[in-house]
Amino acid sequence: MVMGFYSTTFLFLVLSIVFSPTSVSSSPTQLSYSDHCASIVPESTPTRPEFTTSRLTSFSAGYFTGGTAILDQNSSSYSSGFSKSLTFRTRSLHATQTKGVYKVEALLILASDGTYYYGENLDRRRSSFPRLEGFWSESSGELCMVGVGSVSSNGGKLRLSAVLKLSNVKNSSNITDLVTGTLASLDSSDDSSSFDPISIFFIPVMNYKYSLSSSSTGCAAPETPSLSTNSMKSICSLLSSEQLELEYPHNCDPSRNCSPFGGNIGYLPQFISIREVHCSEDEEKLHVMVKFQNNSYDYYRTFNPSTTLIAEGSWDGEKTRLCLVACRILTDGDSPADSRIGDCSIRLSLTFPEILSIRNRSSVVGEIWSSKTVNDTGFFSKIVFRSLWNRIPGIPGQRYEYTEIQRAGKLLLTKKPSEKKGETYPNGYPSDMQYDMSVRRSRHQMGWAYLQLITLGDKFNDPYVQHLNSLEESSVAVAIESKTMNVSYRISLTLNPDVKFGDIIADSSNFSGVQTEVEISAEGIYDAKTGFLCMVGCRKLSSSHQTYSSDSMDCEILVNLQFPPLNSKNRRDIKGSMESTREKSDTLYFEHLDLSAYSFYGARQSIWRMDFEVIMVLISHTLSCVFVGLQIFYVKKHSNVLPSVSLLMLVVLTLGYMIPLVLNIEALFLGSHDWQNGMLESRGWLKAHEVIVRVATMVIFLLQVRLLQLTWAAKLREGHQKGSWAAEKRVLYLALPSYIAGCLIALFFNRRNNEYGDAGSSYSFPDYQQHSLWGNLRSYAGLVLDGFLFPQILLNIFSSSTEKALSHSFYVGTTFVRLLPHTYDLYRAHNNAISVNGSYIYANPGADFYSTAWDVIIPCGGLLFCAIIFLQQRFGGRCIVPKRFRELETYEKIPAVSCESDS
């Protein structure tokens, strides 16, 4: 009976979650395929599933126009532009009784978004057709499908019915192929869900056949040493993550022959990115989309056909460069369905320099040119492009060559301070040597600068891993031992409006709030004995047409930094300066700038904190084992108290240790901290502690299971004599709704924080304060564990128990273990200058509610629960209930006793 009750309750909870109203959708009305598509591809009976996915693959590179009723953009004077994306994904493919005709089920998604810099909000509308059904003729290339979908509208969902018609859908493709078609509404024109026909095209990649890659003539060998590679996969991986800056020649005319698109697009593109990279390892060839952009932040946007090239090419091992032939997307009318690919007269070449220096820090360089003659329509002058400085430093085989070390060394001798005995300074940790810095002139704020370490000795710094990648066999240990190191930096200088920096004046008319940025490459010498860094800097000179050469750089910049000691008792600022060594009359001269930053040696502090937190985890787990073990000894000695122990309380505690073991949550501090491994130089230290923590967690879990088993067995033996099962039911009826209500509140605040938080910022950083659904559920589970005594308090009340069911060591000790992290979090918040996301081992903010308020509320609540348990076990379970309710219960019991005595 009891087992049936719990099974039914558990099943009800599962079903209520799985089949909650938010996940239920009514079946869409069936649309007639024959009425709309019979004339294109006749319907046929499916016979067998087709597992050869190469027959009809998915399309992700698509474009569309139309459909303003469902995908219209909000108008705004602050709009910077919009992008459109189109995705077609095949769900299933079945052969039919008609040869060459296949039944297709697919997903179609149309999305349109625009970014508004005023307030930095992102507005996005998306229409989704999750299950289109229809037929495809392999011979004719025609595809026709019908289905229903939805689009967000006024906070709700608007149901759509549509027919999709595509042409030129073949099981093989080449560079000139385009899949074109339309998506038309099947709803009445008077219906709010009706929309204008949408014209679309896709760039197919099914069984791609290279046809023009052998035509890439005129691809000359690079002028400087270039890296050679035998892996097309590594080339494709590199290109898909690069962004390239265009540099035009002096003699180009922006209105006519500067870019492949002439003056038709209204602006001169400044960047290109290579997207939709498809590689053929066997043929050493690739097929790509080359996007021309006016802004660097357009990298993740979908393409604009009028500024996009379709290219294919191959790696030339002899010339050590990648050569490509590119074609334009031409439109004969206003509709994308009328588009075609042609004019394949554009050539590209890319190479990977072997040697980087202060004047050339681009990992990828290349050229774009036209194979036409000067008088031909569509001719443009050769364009040079190069990757943004240090976007991906340290390609295997590349090395950095210091060319300004002698100048920096002479300046170091004249400017460095004297060595002070007993003081130690940063000696190579990247996080100790790169900062966001304030830039001032006298007392006026001029802007900000970020100093990013590029190389230390012959090693490159990987900004995503936080340790140095070696390009050579030699070690940086020699440089650290000598206390003098060659270093190179990238300095990103962001100027406030109207600030003058040499020949640059920051734009004050930019309503978008985007500040002027200046990139400076610097190299020099760092003296670890005094903490003094002296560098020579170079910057590209501004030009209206982005022309570039090694002579068009200003290398008369001096940068000095003084790092404070690591062992200083008081935290001190990093101070420095940036100045021009030119004459004041020179147009490139700029006034002296002061640099400053609040010093925190994040890597070192994080390691110290992690050491301490590992010890705290081990102590907490050990104490938990002891306290659960003492409770087991206590109930074995006093077996009569077992029926008075709350089963729900023990289930909560058991799940609290079981779930981390199942989901491997305890291992997160290893798997998410590759940067820590780099700082520690060995994974063995962290792995050993992870194993110990997992073993301790397993021991606690087994002890909790044993305690739960003993309590369950005792209650079964007791049966219904003392009404403990009735009391357990009442606890379940009250506690479970309370837990569910708390969970819903957590989800509500998660949604609210996401809505208001995301709208306020277009960028996100990996900080633990960001809210996710899983994160909020984990935190709420931690709160439930903090209040583990709640079910026991309810059981004591409902059963009016006077038994001392829990030993003092168990409920006080377990409460202490649960509340100690909150006390430590308060200390950590007020004593650590930096908290690196993912480095938390103890009191992980993702595993409970941690903040100044919660760190006070939760301990107070835990102590209150302890006090209540103490009072209940001393004076009875109802001692905390108002007196009149206690008297009512006593009054109800008296007649039953009197009757028994009278009889």
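**Strands, cores and ring pairs in a predicted model**

Strand 14 (residues 321-331) and strand 15 pair in the antiparallel sense over 9 bridges, where strands are DSSP runs of E of at least two residues and helices are runs of H or I of at least four residues, both numbered from the N terminus, and where two strands pair if DSSP finds at least two bridges between them. This is a predicted model, in which local features need pLDDT of at least 70 and side-chain atom pairs count only at pLDDT 80 or more, while totals for chains, interfaces and linings use all residues. Residues are numbered from 1 along each chain as its sequence is written, and side-chain values use heavy atoms, with hydrogens and water left out.

Strand 15 also pairs with strand 17 (residues 365-370), again in the antiparallel sense, over 6 bridges. Ser 349 of strand 15 is the bridge partner of Cys 323, and Ser 349 also has Glu 367 in strand 17 as a bridge partner. Because 10 of its 13 residues are buried, strand 15 is largely enclosed by the rest of the structure; here buried means under 20% relative accessible area, exposed means over 50%, and partly exposed lies in between, with a 1.4 Å probe and protein chains only. Asp 343, which lies in strand 15 (residues 339-351), is partly exposed, with a relative accessible area of 26%, and its phi is positive, near 50°. Most residues other than glycine have a negative phi. Asn 168, in the loop between strand 7 (156-167) and strand 8 (179-185), likewise has a positive phi, near 65°, and counts as partly exposed at 24% relative accessibility.

A further set of antiparallel strands begins with strand 20 (residues 436-441) and strand 21 (residues 444-456), which pair over 6 bridges, with Met 437 bridged to Ala 449 in strand 21. The hairpin of these strands has 2 residues between them, and Ser 442 takes a positive phi near 60° there. Strand 21 is joined in turn to strand 24 by 9 bridges, the two running antiparallel, and Leu 456 stands opposite Val 487 in strand 24.

Strand 24 (484-495) is also among the elements that cover the buried residues of helix 5, together with strand 27 (516-527) and strand 28 (532-540). In helix 5 (residues 405-415) the buried residues are Ile 405, Ala 408, Gly 409 and Leu 412. They cover an arc of only 105° around the axis, which puts them on the same side of helix 5, the arc being that of the directions from the helix axis to the C-beta atoms. On the other side of helix 5, Gln 406, Lys 410 and Thr 414 are exposed.

The structure holds 14 aromatic pairs, counted when rings of Phe, Tyr and Trp (its six-membered ring) have centres within 6.5 Å, with planes under 30 degrees apart called stacked, over 60 edge-to-face and the rest tilted. The rings of Tyr 526 and Phe 563 have centres 5.7 Å apart and planes at 90°, so this pair is edge-to-face. Tyr 526 lies in strand 27 and Phe 563 in the loop between strand 29 (553-562) and strand 30 (573-580), so the pair ties together parts that are 37 residues apart in sequence. Tyr 526 is buried at 0% relative accessibility, and Phe 563 is buried with a relative accessible area of 1%. Phe 790 and Phe 865, by contrast, form a stacked pair, 6.4 Å centre to centre with 20° between the planes. Phe 790 lies in helix 14 and Phe 865 in helix 16, so this pair ties together parts that are 75 residues apart in sequence. Phe 790 is partly exposed, with a relative accessible area of 22%, and Phe 865 counts as partly exposed at 21%.

The largest nonpolar core has 44 residues, and those with the most contacts inside it are Val 635, Met 649, Tyr 739, Leu 789, Leu 806 and Phe 810; such a core is a set of buried Ala, Val, Leu, Ile, Met, Phe, Trp, Tyr and Cys residues joined through side-chain atoms within 4.5 Å. The elements giving it two or more residues include helix 7 (602-637), helix 8 (647-663) and helix 15 (808-831), and helix 12 gives the most, with 7 residues. Phe 810 touches Phe 627, Val 628, Gln 631, Met 649, Leu 653 and Leu 707, not counting residues up to four places away in sequence, contact meaning heavy atoms within 4.5 Å. Apart from this core lies another, of 36 residues, among them Tyr 435, Ala 449, Met 485 and Val 559.
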